[in-house]
Amino acid sequence: MKQILTILATVIMSGCANNGSARVADHPGSTSDSSAEGLAMTHELPLPAIPDSIREPQSRATFLLEHFWDEASLTDTTVSRNEQFMEQNFVNFVNLYPHAIADSLPGITTRFLKQVTPDVRSRVILYDLIEKYLSDAESPVKSDESYIIFLQQWVELPNLDKYETEEPRYRLESALKNRPGTKASDFRYVTREGKSGTLSGTKASNLLLLFYDPDCDHCNETIASLRNNPDLNDAIDDGKLKVVAIYTEGDESLWRSTNGSMPENWTVGIDRSDIAGTGLYIVPEMPGMYLLDKDKKVILRDPGLKILSEKLSEL
């Protein structure tokens, strides 16, 4: 997969013609067999040849997206139900999204979805891939904007009943709230020292906002990793970052009995704006994590720890 992603980047940025050396089919382990059986065996689609006249990187990426699936008959269930084939090529496909012309993406996405989703089993496979690669914090191609585009087009598909769109609609609502580039919603909290505060009133050059639950094992694992993260602690020590951890689940006695175990150099508080009840922030999986700038604009939402560390090292 790493080789293919490198090839894609080279093809996008190169101003030269897309000759044989830039095609997946000419690399070891690939094939030019365009039959469904041949494609299913190789798992790799050949990249479409980009016309010499298309030289601007965004236009090149858009052309690749528009013709990415040309060698596959996605309406053939021997292709769309092949999980390895769909996974490999879906990753390569969505990796192009951030590089393409933004206005082209809804139409490209809709055409792709309409080919795959009429078959129920193929639809399930594809939806799981969307969640795994565009939403999961540890995905190498996680993208809030691409995820939103896929969900927006998914809920408008004509072949789904209302029950099949309930979860995607909820996830879309969640994705649209407090997305990167927007100002984080304000809320009130009380710290473990008994001081009242608001997010907007919390002064910080950068702020890591963490929504957590002491009863959540993943929360505790993440907090332990953050506690020992040298990039995070260096940023705190240098005055470049403040960590604000907020308990949102309403059991005040649980919070009071556990907040002393949280890191001493963090601001630890309990929500006083009913975040969970009002949907001010929707956190599908605890912990929820947001990196904010000094104006409380979202830089990262639910990043993996590796991506967070990389960003913190740049502060």
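Predicted model: local features only at pLDDT ≥ 70, side-chain atom pairs only at ≥ 80, totals over all residues.
Local features require pLDDT of at least 70 and side-chain atom pairs pLDDT 80 or more, whereas totals for chains, interfaces and linings use all residues. Residues are numbered from 1 along each chain as its sequence is written, and side-chain values use heavy atoms, with hydrogens and water left out.

**Overall make-up**

- The protein chain contains 14 helices and seven strands; helices (H or I, at least four residues) and strands (E, at least two) are DSSP runs numbered from the N terminus.
- Of its 315 residues, 49% count as buried, where buried means under 20% relative accessible area, exposed over 50% and partly exposed in between (1.4 Å probe, protein chains only).
- The accessible surface of the protein chain is about 14900 Å², and carbon and sulfur atoms account for 48% of that area; accessible areas come from the Shrake-Rupley method with a 1.4 Å probe, and for residues only the protein chains shown count as cover.
- Among contacts between residues at least 6 apart in sequence, 67% join residues at least 24 apart; contact means heavy atoms within 4.5 Å.

**Nonpolar cores**

- A nonpolar core is a set of buried Ala, Val, Leu, Ile, Met, Phe, Trp, Tyr and Cys residues joined through side-chain atoms within 4.5 Å.
- The largest such core has 46 residues, of which W69, F90, F93, F112 and F150 touch the most other members.
- Helices α3 (57–67), α5 (83–94), α6 (105–116), α7, α8 and α9 each supply at least two residues of this core, and α7 gives the most, with seven.
- Leaving out residues up to four places away in sequence, W69 touches L45, L74, F85, N89, F90, F93 and F112.
- Another core, of 26 residues, lies apart from it and includes C216, A235, M262 and L291.

**Helix α9**

- Helix α9 covers residues 162–176, and its end C-alpha atoms are 20 Å apart, in agreement with the 21 Å that its 15 residues should span at 1.5 Å a residue; the expected span is 1.5 Å times one less than the number of residues.
- Residues T165, P168, L172, S174 and A175 of α9 are buried, and their cover includes α7 (120–135), α8 (144–154) and β7 (298–301).
- Just after α9, N178 adopts a positive phi of about 50°.

**Helix α14**

- In α14 (residues 305–314), L308, S309 and L312 are buried.
- These three residues cover an arc of only 100° around the axis, which puts them on the same side of α14; the arc is that of the directions from the helix axis to the C-beta atoms.
- On the other side of α14, K306 and E314 are exposed.
- The cover over the buried residues of α14 includes β3 (206–212), α10 (217–227), α11 (230–237), β6 (288–293) and β7.

- T109 is found in helix α6 and is buried, with a relative accessible area of 0%.
- Apart from neighbours within four places in sequence, T109 is in contact with Y97, I149, F150 and Q153.
- I236 is in helix α11 and counts as buried at 14% relative accessibility.
- Not counting residues up to four places away in sequence, I236 touches L241, V243, N265 and W266.
- I236 and L312 are 76 residues apart in sequence, and their C-alpha atoms are 10.0 Å apart in space.
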